[in-house]
Amino acid sequence: MSRYLRIAFFAIIVRPILLIVLGMNVRGREHLPKTGPAIIVANHNSHLDTLTLLALFPLRDLPRLRPVAAADYFLSNKLLAWFALNIIGILPLERGGVKKNPLADLEAALDRGEILILFPEGSRGEPEQRADFKRGVAFLARARPQTPVHPVFIHGLGKALPKGSAILVPFNCDVIAGAPFQWQGKAPEFMEALETQMTMLAGQGQFQPWD
Amino acid sequence: MDTPEGLSVRVLWAIGVIYALLIAASLIVAIMKRRGPSEATSELSRRVTSWWFMITIFTIAIVTNRIVSTVFLGLMAFLAFKEYLSLIPTRRIDRLIVLFAYLAIPVQFIFAHQDRYGLFLTFIPVWMFLFFPIAMTLAGKTEGFLRAVGTLSWGMMITVFALSHTAMLLGAGDKAGPAGGAGLLLFLVALTQFNDVAQFTWGKLFGKRKITPTVSPNKTWEGFLGGLATTAVVAALAGPFLTPLSMPWAGLAGAMIAVSGFFGDVTISAFKRDLGVKDSGGLIPGHGGILDRVDSLIYAAPVFYHAMHFFVFSGRIS
């Protein structure tokens, strides 16, 4: 049931809004994963980031796409939890070292052939400003070294719906996907490669300041 | 009813001619592609495919009824304005003012739909023009004020106000001539786009002397004058069929569309060059963004509408 609700939500609400109210300029679409398992790594400016990334894939891929989101925020009340789990299809992540292996659910999802969407900045933060990536993504890549990691840079959604605002103002957004890479053997090198990739993708656009 | 006389059959005939040209263009590009496949020919082929989509959407928009036409034209202005705002630097504090600027679009197109000439002319150039700076002043941030108010006002004028003149043509009523307001709109839009293609083609074939080497190095005198002459001839032939203009006046209108269309094209080129982008967006494969497609119309629509209003609708020439 919720599976059909999820598809209907994306087909009837999310996609038309993204098409007309927002508008996406997508570059490097061919780099996006066609099958799972895979890890998509993106910068985070807005709640719209998740919806936009999910809308880049055909509707039939929806069941396999799992945005990883903070359990303490999205499971904080019943209604939000139902929406996050059933409609957005998040994979909740416990923050702050509660479990022995906090990545166990993520690894299991990859083993099922799912595509994880990760925002290693950890929070939406200041809109349209990149924060440092947290290292959890490196530990996940180390645990599943064969899984391709796809860097995606998103620009503009922080202007449309920044943290702390409930009013959507139309702006076009840019989504730039880069070539996938894999775990190379060391966490610092992996994080450095990821940061370099993201900076390179961001450099492909001509983005004006938003201050 | 909005169009008591219904849609003129002349509009349908003209659309038929446009589709015939499109089929011819598709055949020529297909032959070019077969003879010498290259990046240039596949780009050309993407462009022609996009033309099929754009012409079909435009056709549906103008033949359905006047409300659908006006909503379509408003949507086009919205997309152009959004593309503009997404390209320029903006201030976070102005988010709500930008939202008000968007909300001015339906208001402007309602004035056009109701043919309220005075409100149509003053709403953006006077009222929104005065509203933006005071709203920004009351918001309280003076850093970047001049840039913010200047770019927002200019963008609103060049996209929304300029393009809303297309919708005003639909309200010309019995002064619109034998094919009605839809005929005038079709005359303007088809000739503006035809002129783009004609200038491009003449420029590719014979282009040598650059007009604006620092802004748009592909624009040449040969392309500009060849396009101008071709557009004037086509306008002289189509004018008596679609507009109240006789052949010589229609030819002059075509020349005016060609010159103003060229100005719109290079103005948007200057804007893009300042921001360091090649295309204004990626909405239309082979063409770029919506601003890349309507750039000529931004100048041609106000010039054509006001010339018609002053000389023809008033009865000064007939």
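User: What makes strand E3 (residues 65–70) and strand E5 (residues 115–118) of chain A a pair?

Analyst: In this predicted model, E3 and E5 of chain A run in the parallel sense and share 3 bridges. Two strands pair if DSSP finds at least two bridges between them, so these two meet the rule. One of the contributing positions is Arg66(A), whose bridge partner in E5(A) is Leu116(A). Strands of a sheet pair through backbone hydrogen bonds, either parallel or antiparallel.

User: How are residues and chains labelled, and which confidence limits apply?

Analyst: Residues are numbered from 1 along each chain as its sequence is written, while chains are lettered from A and ligands numbered from 1 in the order in which they are written. Because the model is predicted, local features need pLDDT of at least 70 and side-chain atom pairs count only at pLDDT 80 or more, whereas totals for chains, interfaces and linings use all residues.

User: Why are strands E1 (24–27) and E4 (91–93) of chain A said to stand at the edges?

Analyst: The open sheet of chain A has 7 strands in the order E1-E7-E6-E2-E5-E3-E4, with mixed pairing. E1 and E4 each have a single partner strand, so one side of each is left without a neighbour in the sheet. Chain A comes to 8 helices and 7 strands, where helices (H or I, at least four residues) and strands (E, at least two) are DSSP runs numbered from the N terminus.

User: Why is Leu110(A) called buried?

Analyst: A residue is buried if 20 or more other C-beta atoms lie within 10 Å of its own, exposed if 12 or fewer, and partly exposed in between, with C-beta atoms placed from the backbone. Leu110(A) has 22 such atoms, so it is buried. Leu110(A) is found in helix H5 (residues 104–111) of chain A. Buried residues make up 37% of the 211 residues in chain A.

User: Which residues does Leu110(A) touch, leaving aside those up to four places away in sequence?

Analyst: They are Pro37(A), Leu116(A), Arg144(A) and Thr147(A). Contact requires that the C-beta atoms of two residues, placed from the backbone, lie within 7 Å.

User: How many residues of chain B are in contact with chain A?

Analyst: On the side of chain B, 20 residues are in contact with 13 residues of chain A. H3(B) gives the most to this side, with 5 residues.
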